[in-house]
Amino acid sequence: MDGIIDDKGSALRSQVGSLLLITGIFYLNFISRIIFAPLMPTIERDLGIGHAEAGSFFFLISIGYFISLMGSGFISSRLSHRKTIILSSIALGVSLIGVSFSNNLWGIRAGCIVVGLSAGLYLPSGISVLTAMVRPKDWGKAIAIHELAPNVGFFSAPLVSQALLIWFSWRGILVLLGLVAVFIAFAFARLGRGGDFEGEPPKPATLKIFFREPSCWIMIVFFSLGIGGQLGIYAMLPLFLVSERGMTQSMANYLVALSRVLAIGVTFIAGVVTDKLGPKAALGGVFIVSGLLTLALGIMPGSWVVLIVFLQPLTAVCFFPPGFSALSRVGSPSIRNVLVSFTTPIGFLIGGGAIPTGIGMLGDRGYFGLGISAAGMLIIGGFFLLPYLKFEDGKNTK
């Protein structure tokens, strides 16, 4: 990570203010990309669109996020990480406001791509600033605080949207989020510390090694399935519960929010299990259990679906500890940084974009539940790829 070697950082306690400010930026960055999920029943009614068009919004955001995350090194190498974070947050705020004022579907689609482009600039620079700001012995605690942002975002997005819908339209909520994103960018510019160093763009020679490694492609599939089981299902779940299970929008949003609360603590348990059993065994368990629960989510009748809504995210979130552990063992050390840079954005593009779009397309044809169950079957399919995953150290039994 840029800046780690030359900047030994400070004690965590002395950097709490800047760390919380960066975490706040990450929270705004994340919730801005997922806020469309709890708002989607309202957006569908207002725009008169179908489930496929609704799902395509997430695909377009993912396309922008993918492009931006892949090219973020070129931006930060010219602007510095600090300026890249500020640019990302301001551009995100402006793009959200732009979507809110779009009067036609093509304008909203273009705005969704720009939302993804703006959001994707943040993460590489945010992590670089965080690890340069805090001394290495405190990195674990600092990153754990930073990673609270997406976890809190998952359960707070439905609650925030439901509360704000009392006073605002969905367009007004996007304007409010946009203004907050711009405000926190200026707050970081004035009060935040660190990040006055440049990033480094990816090197073509390293990319060639990456493309020749079969296990790299397997990890891309795994991350696509893992992100699909979490973010992809989350994106379409409120719409599914309202249109297919007859819930009110408020009830669906409250249920989805509550189902994400317990998932925060389960991640730590998944980390312990990964250390005990090894990443391959842990991934196998996640693919089978999460896949079966996702499959059941699409076909379970009546009140059973409420139970599955609570259980499915508890297993889906367990993918990431063994997923990143496996990722760190694939390929030579020289390509691992590139592997992370490629795997995450492609995973978001497929799992967070293509999967919800596919579910929406089936939903328009009267097979909404089948679309979710099909995603579950794909996740189960990840189990059968595990024997082909090879680690650099040769220890492939776990």
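Here are some notes on the predicted model above, point by point.

1. **Ground rules.** This is a predicted model, so local features need pLDDT of at least 70 and side-chain atom pairs count only at pLDDT 80 or more, while totals for chains, interfaces and linings use all residues. Residues are numbered from 1 along each chain as its sequence is written, and side-chain values use heavy atoms, with hydrogens and water left out.

2. **Overall make-up.** The chain has 18 helices and 0 strands; both are DSSP runs, numbered from the N terminus, with helices being H or I of at least four residues and strands being E of at least two. Of its 398 residues, 55% are buried. Here buried means under 20% relative accessible area, exposed means over 50%, and partly exposed is in between, with a 1.4 Å probe and protein chains only. Among contacts (heavy atoms within 4.5 Å) with a separation of 6 or more, 86% join residues 24 or more positions apart.

3. **Surface.** Have a look at the nonpolar patch of about 530 Å² made by Ile166, Trp167, Phe168, Leu176 and Val180. Patch members have over 30% relative accessible area and no salt bridge; like charges are joined within 9 Å, and nonpolar side chains (Val, Leu, Ile, Met, Phe, Trp, Tyr) within 5 Å. Tryptophan 167 sits in the loop between α8 (148-164) and α9 and is exposed, at 65% relative accessible area.

4. **Salt bridges.** There are 2 in the structure, counted when a side-chain nitrogen of Lys or Arg is within 4 Å of a carboxyl oxygen of Asp or Glu. One joins the side chains of arginine 171 and aspartate 46, at 4.0 Å from N to O. Since arginine 171 belongs to helix α9 (residues 170-191) and aspartate 46 to helix α2 (residues 36-47), the pair ties together parts 125 residues apart in sequence. Aspartate 46 is partly exposed, with a relative accessible area of 46%.

5. **The other pair.** Arginine 109 and glutamate 53 also meet through their side chains in a salt bridge, at 3.6 Å from N to O. This pair links distant parts of the chain, with arginine 109 in helix α5 (residues 105-120) and glutamate 53 in helix α3 (residues 51-79), 56 residues apart. Arginine 109 counts as buried at 17% relative accessibility, whereas glutamate 53 is partly exposed at 28%.

6. **Helix α3.** With 29 residues, α3 reaches 40 Å from its first C-alpha to its last, close to the 42 Å expected at 1.5 Å a residue; the expected span is 1.5 Å times one less than the number of residues. Even so, α3 bends by about 50° at glycine 71, the bend being the angle between axes fitted to the seven residues ending there and the seven starting there. Just after α3, serine 80 has a positive phi of about 90°.

7. **Helix α9 and serine 89.** The 22 residues of α9 span 31 Å from first C-alpha to last, close to the expected 32 Å. Its buried residues include Ile173, Leu177, Ala181, Ile184 and Ala185. Serine 89, in helix α4 (residues 81-100), is buried with a relative accessible area of 5%. Leaving aside neighbours within four places in sequence, serine 89 is in contact with Ile25, Ala181, Val182, Ile184 and Ala185.

8. Glycine 298 lies in helix α14 (residues 279-299) and is buried, at 9% relative accessible area. Its C-alpha is 5.9 Å from that of leucine 370, 72 residues away along the chain. Beyond neighbours within four places, glycine 298 contacts Phe240, Arg245, Gly369, Ile372 and Ser373. In α18 (residues 368-381), the buried residues include Gly369, Ile372 and Ser373.

9. **Phenylalanine 26.** This residue, in helix α1 (residues 16-34), is buried with a relative accessible area of 5%. Not counting residues up to four places away in sequence, phenylalanine 26 touches Tyr122, Leu123, His146, Glu147, Ala149 and Pro150. Phenylalanine 26 and glycine 126 are 100 residues apart in sequence, with 8.0 Å between their C-alpha atoms.

Methods:
Accessible areas come from the Shrake-Rupley method with a 1.4 Å probe; for residues, only the protein chains shown count as cover.
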